[in-house]
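Hi,

Here is the structure I promised to pass on, with my notes below it. Could you have a look at both when you get a moment?

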Amino acid sequence: MDDAIIIGGSFAGLAGALQLGRARRKVTVLDTGLPRNRFAGHSHGLLGHDHKPPLEILAEARQQLARYPTIRLVSTRADSISGAIDDFSVLTADGESLGARRLILSYGVADQMPEVPGFAEGWGTSIVPCPYCDGFEVAGQHWGLVWSGRQSHQSVRLFHDWTDTLTLFADGHDIPPDIRADLARRNIPVVDGRITEIAHHGGHSATVNLDTGPNVAVDILFAHPRNKPSASLHESLGLATVDTPLGIALKVDERRETSMPGIYAAGDLANPLMPSVTTASSQGAMAGIFAQQSMLV
C-alpha cells in the first residue's frame, strides 16, 4: 500500500509528490498528460522557470522526481475511488487497483470554450485569462476584455497596472448601470454586440469581429470562460465544493484537506481565486507536507 496516491501530475501534483518523496513516503502519481496550460507557449512568474514552455518545465520536474526511489509516476487515468482514511482504493483505467493511506486530488479543470470561431484556436496565445501570466509581455499595449460577469469589473481595475488602453466587449450581456458609469469615468470604451469571430494575426494580436458595429483590433484579448473539473471523482465521493463565478472548486481547509478526512486537494481544482502555476505549485507542496504530517505516529 502507498502512503499517498496523487491524481493529477501537473504542477500541483508533482510538487506534492516531491515533498512526500523527500520524506521517504511511498507515493504514486497518476496522470493523463493533459495539463491545463498545455496551450501556452511559455509559462511566466514561476521562480527559476520564468518564460519556459510549461511542458518543458513539467518534463524537467519528472526527471528530477526520478531520483526519489519511493515515487512512481504512472501515465493513466483514475476511474474510481473508494474506501476511507488509511484504506483508500483507486481503480485505474488500466484495470490496476491501488491502495493508499492518503489521497491528493490535483486533476485540475478544463476550460469550456464558447462556440465562437477562432476562440479555441487562439486560447493560450492571443486569448488568455491571467495578467500575471501574460501581462508583462504586452504591457502598455491595447488590451481587450470579454465581459463574463461582475468579476470583470475587478479585472478592469487590475489591468490598470499593465495598461491604460483597454476595450471591454459586452458580448451581448447586460452590464449593470453602476459599472457602466464607472467604466465611463475611467475612459474605458464598452463595445456592445455579440462576438461572432476572433481573427488571429500571429503572436498575441487579434481582431474581434462583432454582429453589430465595426470590428476591433487588440494587441491581446483577455477572457474567462467557464471551467469544470477535469474528472468527476470528487462527485462520487460527495466532497464539498464552493461556487465561483466561473465554475466550482473543491472546498479545502487551511491544511488543504477536503471535507473527507485523508483526502487533500490542490491546484486549479481547489483554487477559487486566480489560478497560476505558482499558486498550484505552492498548494501542491502544502498538500504533500500536510498529508505526510497527518500520517505521523
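**What I found**

Asp-171 counts as buried, at 15% relative accessibility (buried means under 20% relative accessible area, exposed over 50% and partly exposed in between, with a 1.4 Å probe and protein chains only). Please keep in mind that this is a predicted model, in which local features need pLDDT of at least 70 and side-chain atom pairs count only at pLDDT 80 or more, while totals for chains, interfaces and linings use all residues. Residues are numbered from 1 along each chain as its sequence is written, and side-chain values use heavy atoms, leaving out hydrogens and water.

Asp-171 is not a glycine, yet has a positive phi of about 50°. You will find Asp-171 in the loop between strand 10 (165–169) and helix 6 (177–185); helices (H or I, at least four residues) and strands (E, at least two) are DSSP runs, numbered from the N terminus. Arg-256 is also not a glycine, and its phi is positive at about 70°. Arg-256 sits in the loop between strand 18 (247–250) and strand 19, and is buried with a relative accessible area of 10%.

**Salt bridges**

Side chains of opposite charge can pair when their charged atoms come close. Taking a salt bridge as a side-chain nitrogen of Lys or Arg within 4 Å of a carboxyl oxygen of Asp or Glu, the count comes to eleven. Here are some of them:

- Arg-62 and Asp-31 meet through their side chains at 3.4 Å, N to O. This pair links distant parts of the chain, with Arg-62 in helix 2 and Asp-31 in strand 2, 31 residues apart. Arg-62 is partly exposed at 30% relative accessible area, whereas Asp-31 is buried at 18%.
- Arg-102 forms a salt bridge with Asp-86, and their closest N and O atoms are 2.8 Å apart. Arg-102 is in strand 6 (residues 97–105) and Asp-86 in the loop between strand 4 (78–84) and strand 5 (87–92), so distant parts of the chain are linked across 16 residues. Arg-102 is buried, at 3% relative accessible area, and Asp-86 is partly exposed, at 37%.
- Arg-150 pairs with Asp-178, with the closest N and O atoms 3.6 Å apart. Because Arg-150 lies in the loop between strand 9 (142–146) and helix 5 (151–159) and Asp-178 in helix 6, the pair ties together parts that are 28 residues apart in sequence. Arg-150 is exposed at 52% relative accessibility, and Asp-178 is partly exposed at 47%.

**A pocket to look at**

The second largest pocket is lined by 16 residues, and Leu-14, Ala-15, Leu-18, Ala-61 and Gln-64 lie nearest its centre. (A pocket is an open set of points on a 1 Å grid over the protein atoms alone where a 1.4 Å probe fits, with protein on both sides within 12 Å along at least five of seven lines; lining residues have an atom within 4 Å of a point.) Helix 1 (11–22), helix 2 (54–65) and helix 8 each supply at least two lining residues. Helix 2 gives the most, with six.

**One exposed glycine**

Gly-48 lies in the loop between strand 2 (27–31) and helix 2, and is exposed with a relative accessible area of 65%. Gly-48 and Gly-122 are 74 residues apart in sequence and 27 Å apart in space, C-alpha to C-alpha.

Best wishes
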